[in-house]
Amino acid sequence: MNNGSPTARPTNRAVPLGVDADSPEEAVNAFEERPAVLTAEALADQEVPEGVQISPSGKQIVYYLKPASRRGDNEKSALWLAEIGKEFSAMRLTSGHFHDEIPQWSPDGTSIAFVSDRAHQGRSSAIYLLPFSNPLPCPITDPENQKKITMFKWSPNGQHIAFLSPDEDAATKDSKRAQKDDAIVYGAHWDFNRLRCAHLHTRTIMTLFEKAVHVNEFVWNAKSDQLIYASQRTPEFKDPAVEHGVSFGRLFIESKIETHRWTFPGPDGHGLAPFAYGADDCAKQLRYGADFLAVQVQKGPTDQILFISDSKPSLIYGDTYAITTWDIRDAGNSQIVLSIGRGSPNKPTDLYSIQDQGLCQLSQHGDGIANLDIAEYEILYAKARDNTALDGLLLKPKRAIEQPWPTIVLLMEDHLTELPWPLMFLYFTGDLGLQQRAMRGSVGTKDYSDIIDMIKFGIERTLFDPERIAIGGWSQGGFLSYLSVTRQEFLFKAAVCGGGITDWDMLVMSSDISAVEAEMAGGAPWTMDADDLRTRHASAVWHVAWCGYQNSSVDPTFGAR
C-alpha cells in the first residue's frame, strides 16, 4: 500500500464490519464465520460497499462498507482501502464503531476526508481528516454539530473543503420540546442546506450562501476560487424539476459575490437541450475529470460505463451485472483506470478494478452468500404486441425441477432468496422501465400489456406453468400488481401488492407532486370533463366489480389471496 497507513491491516481477506482485529489471524477467523444456508439474518447482515473513489495516483481506492440493515439505534459503517489491480487486497481503514461515510482523497493523495458521527453516535455530523502520517482522524468542522453534512468536495488546490449542511437549531428545538411546543408546522421552518467552506490551514468555516433556498449540489472550478451550485426552493424530495425548477448560480469564494446563471426548466418549460441517451436507454450517473466525461448507462439488462469525448462515446465496460458504485480516473499515458461495485442476483456486490489487463476482484464482502451458489439466471428476450423489445431476468434454483415451473413475477425489484421455484424479474429498456412505458397518459396500457406479453412468451417456451403464476411488486410494481389481478386477460394465482396505486384520481388529488401524477394518469380531475373516464382505465378499484363475480381469488379490500 502506498504511503503505508498505520491503521490499515492487510489480511488479503476482507475483515467483517465491526470486528477490530489485532492480527491478520483474528481477522481471517472472524471472516470465515459464513452462513451455511441462506437465511433472513444472513441477508440482513450482508455488507454493501458504497462511495468508491480512486486515488489521484490511480493505484488505490477508498470506499465505505455498511450493513444492509441496522443493528441497534445507530447506523455504523467503516472505511476500506484496496489496491488497484491486486486481487483481494481490500483492508479495513477505520474500526466500524461509528458511521464513517463518503470518503474522499485529498488532491495530493496524502490524506482522506470523510463524514462521521464520532463525537456522538447518531446525533452528530462532522468532516474528519485522516492523514496517512497520523493514525487518528481529526475534525475539520465542529464535531458537536448535529445537522447532517450531506455532501462535501475538496478544492482542486487542496486548501479548502466546501460542504452542505443546515443551520444548527438544537437549542431552539430543545426549548420548544421542554415547553411542549414542538408541533411541526408545514413550511414554518425549512432545514435549508447552506453552502459552507472550511479552510484547511486555519480551520475557519465560512457560510457562503444564506438565502432561503436549498442548495443540493455544487462543483469547484479549476482555479479553486469559484463554486457553481444548484438550488431549489425547499428541501422537499422531488421539489426541484416538478414545480419550480432548479436554479444554477456562481459564487466567488473570497468576496461571496453570487450571480444567478439560469433556471431549468425555464419560464416556457424549456432551457436545456438533451445531450445524449434517454430514448431506449437511461443515463444514471456522471463522472468528470480535467479533460474527460464518463457516464453510467443502463441499456436493457446491461449496465455500461462509457467515455465521452468530441467523437462517439466509447464503451469501457458493459455487463449484465448491476453497477452500484463506480469511479474513473485518467492515470496519464492514455491509461484509464475504472473501479466498480457490481453484483448479480446470485452474488452480492463486491469491488473490482478494470485496466488493460482486465477485471480484478478487490474485495470479498459478498463471498459468504455467493459461495452458497443458490441460483442461476438467464436473460429472456421477447417482443411486445407493438413490437417493442422486452427483456427479463429469469432466476432459477440450482436444483433441477421439472418444467413448466411455478413462477413469481416480481416487478422492478431486487431480491435475493433461496429459490424453491423460479422468479422472473422484468426489466424494460432503462432504469425507469415500466414508468417510461407508462408516461404521457398511457399508464395502465403498455406497461400492463408488456407484463402479459412476457409471461405468455415464457408459457409458449414451456418455462412457466400458466396455472401457477403469482405477481408482486412495490410502488409502481404494486400498482401494476393490483391492476393485473383486476384485469381479464390473464388470471394470476396470487398477488402481493405493496405501496401500490388503486385510484389515480385520488392519487392526483392527494399527491405533493400532482403535476407528475396527472401527466401519468392522463389528467387531473379538476381539469377533465365529467364524462371523461380515461383515468379509471388504470385504476384497479374500478375493475373490482368484474373480479367479484368472475375471479374468486380477488378480494376488493385485500387483493389476491
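Leaving aside residues up to four places away in sequence, R196 touches I161, A162, F163, S165, P166, D167, I205, M206, T207 and L208, where contact means heavy atoms within 4.5 Å. This is a predicted model, in which local features need pLDDT of at least 70 and side-chain atom pairs count only at pLDDT 80 or more, while totals for chains, interfaces and linings use all residues. Residues are numbered from 1 along each chain as its sequence is written, and side-chain values use heavy atoms, with hydrogens and water left out.

R196 belongs to strand 11 (residues 194–199); strands (E, at least two residues) are DSSP runs numbered from the N terminus. Its relative accessibility is 9%, so R196 counts as buried (under 20% relative accessible area, with exposed over 50% and partly exposed in between; 1.4 Å probe, protein chains only). One of the residues it touches, T207, also makes a side-chain to side-chain polar contact with R196 at 2.9 Å (a pair of N or O atoms within 3.5 Å; within protein, one must be able to donate a hydrogen and the other to accept it, and residues adjacent in sequence count only if both atoms are side-chain atoms).

Now the loops. S224 sits between strand 13 (214–220) and strand 14 (226–232). Its phi is near 65°, positive although S224 is not glycine, and S224 is buried at 6% relative accessibility. K256, in the loop between strand 15 (246–252) and strand 16 (258–264), has a positive phi near 60°. K256 is partly exposed, at 39%.

Methods
Helix = DSSP H or I, 4+ residues; strand = E, 2+ residues; numbered from the N terminus.
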